[in-house]
Amino acid sequence: MRPTLAVAAVALLALTGCSRTDSEPASPPPETATAAPVEPTEILIALGEPFTVDGPNYTADITIDRIYVPETCNGSPNESLAIAVDVDVESGDGTAAVLNTGTIRERTPDGYLKKDRVVSRTCDSADELDAINVQTGDKYQGIIWLADDINTESELLISTPTGGGPITKVFVLDLSSVEIVSVPAAPVVAPPAAAPAEPAQDQAEPYVVECIFGTPGPSRMSDGTIQNTDFCANQPGAAESRYLESNCSDMAWRHGMGLEGDRLCGSSHYEDGATGGN
């Protein structure tokens, strides 16, 4: 019984092997189609016209207001282009920078792409663009510097950041259509000269503080001096003072004048003592 089963098993295996050999070969797997690279869309821009850059971390409206060449920078000759830009951030998560290195490239008139053209520098009083870690609602103004070997017939390509993916949109500014002027250095403004010191005001004129009877009108002044003034010469009783020198020794006159004579003579005595007399 066992030999019979063994022969049957061998026959079955033989039939199976023949079946696999005679079968049709398996078809190869379908080829994977390779997508052709997509060329980025180019959008022409002009001075003074805003364009919108959509990045993975921000969306900003950018306006290039002016392109010029300062003749000097920090006292040295300069040939670098200065691009004055205005940035208005519509939305941002505070992690990205706008128009930083890697965003701007130069395409020469014969079609060659050159290295990134953002130059970080400080020049005189020009404020460099500092749009870093932008957030929703932020606004910035400043200067972007381009290397001094740039061809003014080239095009500037401003690409939209993609976070590592392919670039799909490029903004193109044709420098040959822009009037690039050379701006002389701002004149050094000397500090204003100090105003001349005003002459010291004369001390106030002395004024009469007491009339001392005498001729023609001695007056004691506010500064302690004794001067003749019209004010005291015209006071009542001033006319009688002409008799002081002779009448003060005349007792009859003194008796007739009473207290007024004593007062007048007393004033004369006081005046004589103040001026060094007897």
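1. Two strands are said to pair if DSSP finds at least two bridges between them; strands themselves are DSSP runs (E, at least two residues), numbered from the N terminus. The model discussed here is predicted, with local features needing pLDDT of at least 70, side-chain atom pairs counting only at pLDDT 80 or more, and totals for chains, interfaces and linings using all residues. Residues are numbered from 1 along each chain as its sequence is written, and side-chain values use heavy atoms, with hydrogens and water left out.

2. Three strands form an open sheet in the order β14-β15-β16, and their pairing is antiparallel. β14 (208-211) and β16 (226-228) are the edge strands, each with a single partner strand, so one side of each has no neighbour in the sheet.

3. Between β14 and β15 (residues 218-221), the antiparallel pairing runs over three bridges. Val208 has Met221 of β15 as its bridge partner.

4. Phe51 belongs to strand β2 (residues 51-54) and Phe171 to strand β12 (residues 169-174), so the pair ties together parts 120 residues apart in sequence. Phe51 and Phe171 are both buried, meaning under 20% relative accessible area (1.4 Å probe, protein chains only).

Note on methods: Helix = DSSP H or I, 4+ residues; strand = E, 2+ residues; numbered from the N terminus. Buried < 20%, exposed > 50% of the residue type's maximum accessible area, 1.4 Å probe, protein only.
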